[in-house]
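Hello,

Here is the structure I promised to pass along. Have a look at it first, and then read on for my notes.

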Amino acid sequence: MLMETETKLTRLVLALATPSLEELPQCASTPEEATSLYHDYHASWTALWSPVILASTGFLPESRRADTSGLDLENSLLIVPDVSKSKIDQPLEERLLLAGNRLLFSGSRTRPEISLAVLQAFAPGALALALEELSTEARELEQDFCSFGFAVMQVQQMARKLRYSFNLDWMVVSDQLIQAAQSFMRSEYQESQRWLSAAYDSLSQERDRYCSQQGHLIHLVLSAPSTLGRRFSAQMQQCDVPTNLLATYETIEQLKQSNPLGFDELIHRIDQRTLAIAGGFYREVTHTYLSELSLNRSFLRAKQAASSLGLNFVQTLAPFFGAIPAHFPTMAKLHGFQGMVLEKFHGGIIPEKEHAKLKWQATSESPAIDMILGHMIDASDPLSLLELGSAMANQLDYHQVPTLVIAHWPDRASPIFDDLARTVKRSPALGKWILVDDYFQSTSQPYWSEQFGVQQFPFSIPKEAQAVHATQISLLHLNRYVYQLERLSGTIQCWSAAGKDKNQEPKPQESTQQTLLLKIQETLDQLDEIAEHSKPWLTEPHSWTASFETKLKSLVDQCTGFIESKLGACSNWTIVHTASHPRRLSLELPSAIASKDHAGMAQVVASDRLHKDPSKTHWVVDLPPYGFTQIPGPAPGIHATNQSTQTAKTKSSGFFSKLLGQKNTIGQPDGSLANEHMEIQVDPKKGHLRSVHIRDQRGNQLSGMACLVPGPVGSETLRNQADFIGLSRIEVQNHDISDSNAICTTRGVFEQASQENKSCPWLEQTVRMQRGCKWVQVDFSGGGFDRNSVTPIWRTAWPSQAATLQVWSHGNRSKWLGPLQASIELIEIDDAQHKVYIATGGLSYHLKQGANQLITLLPVDAQGNLSASIVLGIDWQRPWETAIDLFQPAWVIPPAGAPMALNPDEQPVCRSGWLAQSNHWNLRFSFLPTESSPGGQGSYSDATQTIFPDVLIWMTESAGKSSTAKISLPKTAVSAWKVDFSGQLMDKIPVEGSDLLVPYSAWEKSVLAVVLGP
């Protein structure tokens, strides 16, 4: 609405809803209404800087607070944006009109419409017509004038933040702008450009008085399959701003197929160095749910895709998912990434840090990678862009490398972004655009190294109880499948290296081995995709687990055939171990003999006939690293009626054993279980695990109880004691399966949880102990649970409130974290005297209840059934490796050929052997496909030489120690190097025969490339 008088106007004023221009109004409305109000506010201010308006008025616009004292004006044209309209009440409006002022309400008009309305108020007719008839060149220049108004707002914000005052020489700037506007009206556009540039320079000089440091602006365009058409092409044609495209290689493949012209434009801009790709993945996967090496597989797959597209592999890693594993920087560095952009996407959370650019390292000894952490501005949000000056002021004041990331979807930036682009093109006052690759090459950051743990990168927990339960069930399967396949692959690599002869033609089994490894890698890739964040697989375990069970069985059978070809036909049971550490394994074998005396069978800890099925024998066997142990098969003259004896006698009876008069077997009459290392007591009335004692020592280390809590899973509040529903109608049964294996089974129902016309949920808990093992296994099964109304849990309690609680995930130990952030293999409780371990098999939903209690979700399937296991142990030497072992099935090769011919008095001999091992317990390693180098060529080089390794080893230190280890291989080594996954030779490793003398640092993760002899 335009209120006209006969008075000549002498001022042009914007009515502010806030005390000053740098204080933006906060619109308390819906997001859509707020967006409209902020766009109107920006248009109302910047429209006043049109050169036609400046030339017609002869003075610059100004801003005043919209109240009685602020608007003490005469003969002024007052522009009232929508956010200030409520401030102009009727008495104030009448007083303004009486003082000869005119009011122009913006009414959500566009910037050209507001400029035209202002011109009509000042000089109707000719000048207004001139604005409508501007040429294309003139309109571009006019937009640069308007952008100057945006720049004034932003620099004023920066000045107020940095020095509390804005001291721009308005007389000089006014002269420069009026001269530029008058030249513009005479169509002297070059002269106008010169004067306008001088005005921008004055603005830059004013900024330099407060801080002369250069700010960096990173323009980040996101991508998705739905944005690859017209929107993407329109974005690629905007070449004024150096652009960084966040994209997966799968998205780029889809772009090439669906929009060839857009792909060609992408390639052209990369060649012109106006665009860089950030990403590093073929497909976005939630790697915290997978193994450590899944990240390596993702990078290798991305490199292969980049090669097939004819693109150089990206140098800047930018994950688009919200779950970041702790080993991210180490793996990124090994793959040649020079920097990383880390921001919150898909509901993720990142650490809040003052500095935008810092160095990230997994540990103080690990290699660091430069990283941009947060400090992102949403270019589609007008308020974020209007507050850009304040954000940059914080960067300039506190940060050594001031950086802002400005992100948006293709062709979806706010119109305000165009003013920012024009400002930065003309002046460095707000910073300069830079490609991420150039940013990490040209900026330095000598301090602020940070160590982040998994707990600092949580992501949104599914709110629905069904999703939480289903995800936990999926994680149990993923944990077992992924580690089993990775170990199978490494074992085949190791056994293949032992028999490989480079002086002979390839044997048929070698091609079989390559085919087998390829199948394993393909299956691992398929498992990795189960954790793809955009797919529902994790919440639908029933849709994929059965097919993978079949695939795994088939692959194990094929691997068994490969191992049999190496060992030859054997009449013994052969148990193959698939890791670089020794393992103690408990298993039952049909028709295997139980020897009277185990002389010559050092690997057998115990062997006993099953009491209920004497045709089977329970064995506790020690397996060597990357090796095998053979147990004698059935022999003539040795029958099932032969009485078994135990190999390892128990130690002297412990305190509780003496007190209770227990016999020297695993199961005890009072329901307790005891072996050489531990004593377990189960409460006969309540059915819970009352205590876990170290043998021959006082003091309970752990207690556990299965119970229900009301309500669905998802509540993270502390529970009262009354909330825990215990079992009732309890039955306790003890079984001696053999002299070296016993169980205690508890059955009961949750009566308080029953609902009308529904049966009570039931639960069976089985506690199993074996001779010679430092652990007890607890299995749960049950049914009748409604996961929308109740949640079954396992409560763990320990006596020391000062004990530290840590978790192991992907072989990395970190501080305690919240629920559902990573697949947890192990929980460690350390009271300084002993370490108690809870192996979870991948379950990730645990809540800390007070100082010394833990609540673990027992997941329920869609039918209301429950099936889960945990393992409790004390003082494990290799905690993480043991936790993985306990959920890995035994790899048993049955006897082939004729039975052994033994006399009844002749003792069987246990064959055993290892292929590769380390002499340091804290060092673990696995074998990788030699095609893990770039392009799958298997070559590594430096400036002087190129090698083609026969063996590629992934090595990890797991105890925070530094030393030199001896890794023994199955064949003589000619040379060995530490390398990275980019194909670079790094440090040469001394070799002595088949031994590698490998120096390592605390928590090191490295790759060893080894050339073997003939």
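**Helix α7 and what surrounds it**

In α7, the buried residues are Val-173, Gln-176, Leu-177, Ile-178, Ala-180, Ala-181, Ser-183 and Phe-184. Please keep in mind that this is a predicted model. After α7 comes Ser-187, which has a positive phi, near 65°.

**The cores**

Leu-177 of α7 turns up again in the largest nonpolar core, which has 79 residues. Together with Val-118, Ile-406 and Leu-420, Leu-177 is among those with the most contacts inside this core. Helix α6 (residues 136-163) gives the core its largest share, 12 residues. There is also a second, separate core of 69 residues, including Leu-552, Phe-724, Phe-925 and Ile-989. As background, nonpolar side chains tend to be buried together in soluble globular proteins.

Which residues does Leu-420 touch, leaving aside its neighbours within four places in sequence? Leu-420 is in contact with Phe-150, Leu-385, Leu-388, Ile-406, Leu-430 and Trp-433.

**The chain as a whole**

Stepping back, the protein chain contains 22 helices and 49 strands. Of its 1014 residues, 58% are buried. Among contacts with a separation of 6 or more, 74% join residues 24 or more positions apart. The chain exposes about 39500 Å², and carbon and sulfur atoms supply 49% of that area.

**A pair brought together by the fold**

Ala-276 sits in strand β7 (residues 275-279) and is buried, with a relative accessible area of 4%. Ala-276 and Asp-437 are 161 residues apart in sequence, yet their C-alpha atoms are 7.0 Å apart in space. Leaving aside neighbours within four places in sequence, Ala-276 is in contact with Leu-435, Val-436 and Asp-437, and also with Thr-243, Asn-244 and Leu-245.

**Strands and sheets**

Strand β24 (residues 703-710) is mostly covered, with 6 of its 8 residues buried. β24 pairs with strand β29 (residues 790-797) in the antiparallel sense over 8 bridges. One of the residues involved is Val-709, whose bridge partner in β29 is Thr-791.

Further along there is an open sheet of 4 strands, in the order β39-β44-β48-β47, with antiparallel pairing. Its edge strands, β39 (917-918) and β47 (991-992), each pair on one side only. β39 meets strand β44 (residues 963-968) over 2 antiparallel bridges, and here Ser-918 stands opposite Ile-967.

**Cysteines**

How many disulfides does the structure hold? The number is 0. Cys-707 is buried because its relative accessible area, 1%, is under the 20% cut-off. Cys-744 is buried as well, with a relative accessible area of 0%.

Happy browsing, and do write back with any questions.

Best wishes

Notes: Residues are numbered from 1 along each chain as its sequence is written. This is a predicted model: local features need pLDDT of at least 70, side-chain atom pairs count only at pLDDT 80 or more; totals for chains, interfaces and linings use all residues. Side-chain values use heavy atoms; hydrogens and water are left out. Buried means under 20% relative accessible area, exposed over 50%, partly exposed in between (1.4 Å probe, protein chains only). Contact means heavy atoms within 4.5 Å. Accessible areas come from the Shrake-Rupley method with a 1.4 Å probe; for residues, only the protein chains shown count as cover. A disulfide is a pair of cysteine sulfur atoms within 2.5 Å. A nonpolar core is a set of buried Ala, Val, Leu, Ile, Met, Phe, Trp, Tyr and Cys residues joined through side-chain atoms within 4.5 Å. Two strands pair if DSSP finds at least two bridges between them.
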